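Here are my notes on this model, for you to read next to the structure. I've kept them to a few points.

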Amino acid sequence: MQQPSVIGGRCMNAPPPSLIMAARMRAIASCMPPMRQYQVVGRKAPTEADPNPPAYRMKVFAATKVGAISSFWYLIHQMRKMKKTTGEILDVNEIVEKNARIIKHYGIWLRYDSRSGTHNMYREYRDLTLTGAVDQMYSEMAGRHRCRPRSIQIIRTGIVAAKDTKRAPVKQFQNSQIKFPLAHRIPREPSKKFRTVFKAQRPNTFFG
């Protein structure tokens, strides 16, 4: 039996660390709970010198309400002289999609930190909801760029018209004559009296 060769403390027959890290990032992204969109309103705690400080509203994406509040304090501290110990949360509301039955094109402008620097990026996705498009973005960034969720900051999101889309994976579906094969179909009995749990012959469900 051939023994694996070891050079520099690493087995030569083992996959490279880059592939292992990419697979690990995809596994982490697939196990993440679905993203939700929250509207968080907070302000600096009132004092005698400033009894009525201004309030700030921010829309953030997070899996839970606690994560939304944490993201609010992290981002507001970079823009204003505020932090959790000297501030207060006034309101937290979840923003729900108005119509989740129509497919839409979403554009996401983001910034992420890689091992070499900070990069700006624009992505497009087809989905029923904005939170679904954000979930696709996190999964794709983990698979293509090995980017962790904490390294991604969403700058802006919006609905893009079909004529304004730029990415090929989205534009390929903008065809009125597009067709999809129905390779797997389950025949239905014409009447209830013919429906049984077991059949004498194995049914054929492939019509490719």
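**Notes on the predicted model**

1. Strands S3 and S4 (residues 55-62) pair in the antiparallel sense, over eight bridges; strands here are DSSP E runs of at least two residues, helices are H or I runs of at least four, both numbered from the N terminus, and pairing takes at least two DSSP bridges between two strands. In S4, Tyr-56 is the bridge partner of Gly-42.

2. S3 also runs antiparallel to strand S5 (residues 87-95), again with eight bridges. Look for Gln-37 opposite Ile-95 in S5.

3. How covered is S3 (residues 36-44)? Mostly: seven of its nine residues are buried (under 20% relative accessible area; exposed is over 50%, partly exposed in between, with a 1.4 Å probe and protein chains only).

4. Helix H3 (residues 130-145) has 16 residues and reaches 22 Å from first C-alpha to last, close to the expected 22 Å (1.5 Å times one less than its number of residues). Its buried residues include Leu-130, Val-134, Met-137, Tyr-138 and Met-141. Just after H3, Arg-146 has a positive phi of about 55 degrees.

5. Phe-173, in the segment after helix H4 (168-171), is partly exposed at 35% relative accessible area.

6. On the bookkeeping side, this is a predicted model, so local features need pLDDT of at least 70 and side-chain atom pairs 80 or more, while totals for chains, interfaces and linings use all residues. Residues are numbered from 1 along each chain as its sequence is written, and side-chain values use heavy atoms, leaving out hydrogens and water.
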